Amino acid sequence: MHLLLVDGSSYVFRAFHALPPLNRKSDNLPVGCVQGFCNMLFKLTEDLKGDDQPTHMAVIFDHSAKTFRDDIYADYKAHRPPPPEELVPQFPLTRSATRAFSIPSIEMEGWEADDIIATYACMARDAGGKVTIVSSDKDLMQLVEPNGSIRMLDTIPRPGQPPLRWIGVDEVFTKFGVTPDKVIDVQALCGDAVDNVPGVPGIGVKTAAELINTYGDLETLLARAEEIKQPARRQKLIDNAELARISKQLVTLSREVPVELGLDALVRVPIEPGALFPFLKAMEFNTITKRLAGILEADPDAWEADPALAAKPVEAMGFDNAAKAEARAARLEASGRAEAALVAHAADVHERVKAIPLDHARYEIIRDAEQLRKWIEAIYAAGHVAVDVETTGLDNQTADLVGVCLSTAPGNGAYLPLDHRTGADLLGGGRVEGQMPMADALALLKPMLEDRSILKIGHNFKYDLGILARYGIVTAPIDDTLLLSYTLDGPRFNTMSELTSHWLGHGGIPIKDLIGTGKSQKTFAEVDIEAAARYGGEDADLTMRLWTLLKPRLPAENMSVVYETLERPLAPVLARMEGRGISVDRQILSRLSGDFAQRAAAFEAEAQALAGQPFNLGSPKQLGDILFGVMGLPGGTKTKTGQWATGADVLDELALQGVPLAKAVLEWRQLTKLMGTYTDALPSYINERTGRVHTSYSQASVLTGRLSSNDPNLQNIPVRTEDGRKIRTAFVASPGKILISADYSQIELRVLAHIADIQALKDAFEEGLDIHAMTASEMFGVPVEGMPSEVRRRAKAINFGIIYGISAFGLSNQLGIGRAEAGDYIETYFKRFPGIRDYMDEMRRRVKADGFVETIFGRKVQFPNANSKHPAERAFVERASINAPIQGSAADIIRRAMVKMEPALKKAGIEADMLLQVHDELIFEVDKGAEDKAMPVIAGIMESSAEPAVRLSVPLKVDAHAAHNWDEAH
DNA sequence: GCAAGGACGTA
DNA sequence: GTACGTCCTTGCA
């Protein structure tokens, strides 16, 4: 990997001073810097050939806002004059130019370009790559590294000098008199007049270098300042020690900017003519257009100038609304066209992949080390590989590895059998002949699977990551076709065969053809190797095909950021959480089970006595017949299948009317529910190897972006009733440890306040008020002091109703009031918070117009039947589309917190294991005694996790508690 | 042995 | 009124 980072802002300034002014012919817009910028980008790609040719590239700009350095030193860059007038309109154009050349343009509020450059440079170096920073800015010289892993390149034309001037350790030494690692110490002493870094007055570069070379570093120098012979110099250093320290902070580049795009997003792609020529034509850069047309073998006349950037005819510039609307339409069309080119590319790739024949005979069986080495070589040549592990089961915490499937390109595939066994002798270890020893094979695969320069592609890769982790392999980096599909199309396709049937017209060999089904099912270990190779080779091949066709859709459909920030980095985090599991106390559950069983039996006997006959209390059908048939109770309603409804709401009502049978059944149902789903079921999930319960998270099955948990579901452990809560006491910390539960307070209402921009709600959250009481007070004019609990309860129901896409029908059911009264409440709410109605109307409009709504982070939530001809279905979609941005944005916020959590804890020096996620709550396990330090850090990460992508207009609040069990920690 | 329906646990 | 997963019964293969 070779990453090229262009310091965009510094280049624009230098180009401004170095180049003669140039104005666009049609409207005199100054464009000289933009032209210089385009020439540079173009020349860079021309000049850097062979070994110097970059594989990854990005242009980094300063964002015109304050940075953390302003907080350290108020006068930082205070001497810098505002940019010249003619430069200002060129700033956004240089960003457009970057994108026109199909290069990522990166800038972040609160960070200087130099910090972002430092961060990416270190990321690439740590990944074993080479970095070139295109800049001559001395502030970046601290990043240069001796072995050439990080170099700088000065490309500003200077008379009498070669066009490309490399800056390595020697050049830095010439400039500062020290090696790059000591540059910040020298700068701390000599300061910088341009950036207004104070330094120590009277000390220049020469003196500074001499001092640092003598004493080693700044702190040693300041500590031993007394030893300096020259009296004036000695006194200056002693007097200005603090200034020097501040200066060092100012010049030290942050290498930990929370960048949104990973290195893989910076991979170089061919210039897209559909993006390039509309831009160049709008700028009226005829010479560059011709040159690039020749090189790209494209006809520039096939594209129109980008109307959003092109010179405007004079009549369209006035306050004419019609003209404005037209200009807006033109802009939209233009961005649509750029997108159209990407979409066409994605469609083209799809067609090409489909055309590649599927040939099971081509799949190789890898039987020895030499053959495996050849495949690994091919993988290195390709830079990526589709991987699929075959195992003995569906639970990756218990299944054993049987074989590994590989594919380096659509159409090829290989199967590496490792532990196939003869069915006759399962226990005695009848290992089938012709397989590599597993240890040898894994030793060869491990370096490749862990190599940061090789992209591993899987389908539902979290499963494979968990298996491989148990064999000591930490697979990274990864791409996941399931997550690509989920990002692009939502949870529409859930399995590999659904995806491949839809996109490739071929569902693949069904697994049951190999292992059978039902009682006679065998494990993959017993499948014969030739059949396994046809299946496994195809699996890897199909995964590779899916990746090839899905990945280009990300940029075409503007979903790269969602995938790169919310999906891809989360998978390994979840894999680790699943691997850790949580400790569950068998004895507590068994005691509870006994207690519940006894009480349930008593209620069962009572119910049957009251019914006058024995019947199955678990059968809603039998219960309904007894209540509304035999006993002839009034008020029965039927379900859609004609059965009597016997839900808890119905039985509650009957119990209220004085029907003791209803009460007995309700009690029985609660107790048997707790037994069947929790106290009896959970112990069977305790893993023998780890002694813990390992849930499995589904990252790609919820419409709104939430996670779901299964086998067992640990996201629905009871909490509302006293008996139910007892189950939580069985979730315990291991010996010497303690559990921490950290949950977002009212996150969905806060998100609603932000999205719908409801000032009254935002103020209430800002002031830390009881939000439901505040709502009640606003709606009913009742003071919060001494408010009856019933009033607050109604307001709370309305607040939740709003989140769920309220209807008078639903609210009346919830509150047990009339439809009309519920409708009045809703009307009052809308009058008091008009932004809510606007928000709801806007979501209804969008879902009908676009078929989707979005979260604040850009996740799309699709509703294919938004225009259904069934009114009930349409109403349902309307409510869901109102709910989705709220629930989904909250889900994205906690996803971001989870992605940031592990590195942030590590940085803070805190050892805490993240175990569980329950939608707005994270559970951790830490060493006893560490909880007081860990909790504020965890809460801080969660509260700020939206940033820097989104600056919320309401504060987020997280409550954290520590205890030995989950009940007390919650 | 499997799918659908009802019921109910969570946020 | 939103979003899930699991257990149990029932009815059909």
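Mentor: A salt bridge is a side-chain nitrogen of Lys or Arg within 4 Å of a carboxyl oxygen of Asp or Glu. This is a predicted model, in which local features need pLDDT of at least 70 and side-chain atom pairs pLDDT 80 or more, while totals for chains, interfaces and linings use all residues. Side-chain values use heavy atoms without hydrogens or water, residues are numbered from 1 along each chain as written, and chains are lettered from A and ligands numbered from 1 in the order of writing.

The structure holds 60 salt bridges. In one of them, the side chains of E107 and R95 meet at 2.8 Å, N to O. This pair links distant parts of the chain, 12 residues apart: R95 belongs to helix α4 (residues 90-100), whereas E107 is in the loop between β3 and α5 (113-126). Elements here are DSSP runs numbered from the N terminus (helices H or I, at least four residues; strands E, at least two).

Strand β3 leads us to the sheet, which is open and has 6 strands in the order β3-β2-β1-β4-β5-β6, with mixed pairing; strands pair if DSSP finds at least two bridges between them. β3 (105-106) and β6 (165-167) are the edge strands, each pairing on one side only. Strand β2 (residues 56-60) runs parallel to β3 and is joined to it by 2 bridges. I60 has I106 in β3 as its bridge partner.

Of the atoms of DNA strand C within 4 Å of the protein, 73% belong to sugar or phosphate, and the rest belong to bases.

Several polar contacts (N or O pairs within 3.5 Å) can be located individually. For Q887, a polar side-chain atom lies 3.1 Å from a sugar or linking oxygen of DNA strand C. Two or more residues of the surface near this strand come from each of α26 (620-630), α28 (660-679), β15 (708-710), α33 (789-803), α34 (808-815) and α37 (871-907). Helix α37 gives the most, with 5 residues.

Technical notes: Near = heavy atom within 4 Å. Polar contact = N/O pair within 3.5 Å; in protein donor to acceptor, adjacent residues only side chain to side chain.
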